[in-house]
Amino acid sequence: MSLLDVFSKCGTNAKSEGKVAIVTGGTSGLGMETAKYLASRGAKVIITGRTKTKLDKAVDEINKYSTNKDIVGKQVDYGNLTSIRSFVTDTIATQPKLDILINNVGAIGIEDKLTQDNLNSMMQVNYFGAFLLTYLLFPLLKSSAPSRVINISSLASALGHVNPDHLNDVNVYSSFELYSNAKLANILFAVEMSKRTVGSGVSFYSLDPGLIQTDFFRYLDNEILKKILNSALHLIGQPTATAAKAPLYLAIDPELDKYNGKHFRSCSEFYTNWYAKDEELNRRLWEKSKELVKISAKEDWEIVKVSNDNVI
Ligand SMILES: NC(=O)c1ccc[n+]([C@@H]2O[C@H](COP(=O)([O-])OP(=O)(O)OC[C@H]3O[C@@H](n4cnc5c(N)ncnc54)[C@H](OP(=O)(O)O)[C@@H]3O)[C@@H](O)[C@H]2O)c1
């Protein structure tokens with residue numbers, strides 16, 4: 001543990017030996033750094049990314065950092081819900097347990113269009129993908145309880161708004177508005193999930209990681225703006241190694257159990273967006289999201305719960 005850890009709230013001595021963790025978007029930036037930390041604390045880590053070459057490179061880099069070599073890369077494209085469903089099927093078939101899920105995939109500047117799943121492309125990559133993955137992996141998380149899910153949000157969520165009837169409008173919002181709306185939806189879904197699964201032993205958190213030194217704006221098509229914004233991030237953002245201490249802390253520190261459903265900035269509880277208090281809105285967002293990602297009767301553990309009259 002470094003001297004910085006001693007003074008930072010992010011410091012944790014907790015280990016993750018024997019745990020299995022999924023970090024989505026683990027091929028670069030915050031996700032890769034978080035995967036390194038989890039691996040070096042002993043967890044088996046599964047990272048996702050879209051391309052095999054980037055995944056192989058990331059797995060190599062994590063292996064170099066950690067003495068634990070139990071690192072796996074899986075190809076998952078959030079622009080395609082079938083790809084997420086295949087990843088879930090593979091995970092359930094190959095992993096007897098899942099202790100930590102970090103929903104980290106995120107992007108801005110993606111072309112504003114409907115995907116083959118009929119969802120707005122920005123909303124799908126930044127929100128619906130994580131919603132579907134978490135919904136489908138919940139039974140495995142529950143059978144592995146105590147387990148945790150961390151949704152990586154952003155300060156941009158403060159500028160977001162959520163209208164369940166207009167989640168997939170195209171040519172209405174700017175990329176930044178869509179990003180803000182999706183990052184807000186990530187906070188709301190952590191809150192709603194925590195309420196709907198009380199007693200399951202699975203805890204849900206959302207995290208604003210602050211500005212980080214990554215090339216996050218690389219998908220913008222305006223070359224000048226892309227350069228300016230990425231340079232600004234590298235100038236004023238935190239190093240990824242600093243930023244990743246927050247998701248690590250939320251994933252493994254034993255103190256966190258009592259904060260189910262809460263929003264964090266860095267490693268302290270932070271104001272949860274006021275939309276989270278609107279129970280009717282959150283219910284509508286939940287129902288609409290299930291409908292839009294086409295949760296089938298077989299996938300729907302809420303139906304199973306009601307029909308069996310069991311407490312989940
Ligand atoms: N950087 C910041 O200042 C900042 C601030 C607040 C919040 N955040 C949030 O932090 C998270 C990580 O961001 P970062 O800065 O570390 O960015 P990053 O380096 O660009 O990492 C993004 C990750 O998401 C994956 N990804 C992007 N589009 C995808 C898609 N369509 N399907 C599957 N995977 C996809 C990328 O994988 P491939 O490209 O390899 O497929 C990559 O691994 C994001 O959720 C972001 O919103 C970042």
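The model is predicted: local features need pLDDT of at least 70, side-chain atom pairs count only at pLDDT 80 or more, and totals for chains, interfaces and linings use all residues. Residues are numbered from 1 along each chain as its sequence is written.

**Exercise 1.** Work out which residues of helix 10 are buried and which are exposed.

*Solution.* Start with the terms: helices are DSSP runs of H or I with at least four residues, numbered from the N terminus. A residue is buried if 20 or more other C-beta atoms, placed from the backbone, lie within 10 Å of its own, exposed if 12 or fewer, and partly exposed in between. Next, apply the cut-offs: Asn282, Leu285, Trp286, Ser289 and Leu292 are buried.

**Exercise 2.** Describe the shell around the ligand.

*Solution.* Count residues whose C-beta atom, placed from the backbone, lies within 6 Å of the ligand: there are 29, and the closest are Gly25, Gly29, Arg50, Tyr78 and Gly106. Then look for the main contributor: helix 2 (residues 29-40) gives the most, with three residues.

**Exercise 3.** Decide whether Ala241 is buried or exposed.

*Solution.* Locate Ala241 in helix 8 (residues 240-243). It has 11 C-beta neighbours inside 10 Å, so Ala241 counts as exposed. Lastly, check a distance: the C-alpha atoms of Ala241 and Glu33 are separated by 6.0 Å, although 208 residues apart along the chain.

How values were computed: Helices (H or I, at least four residues) and strands (E, at least two) are DSSP runs, numbered from the N terminus.
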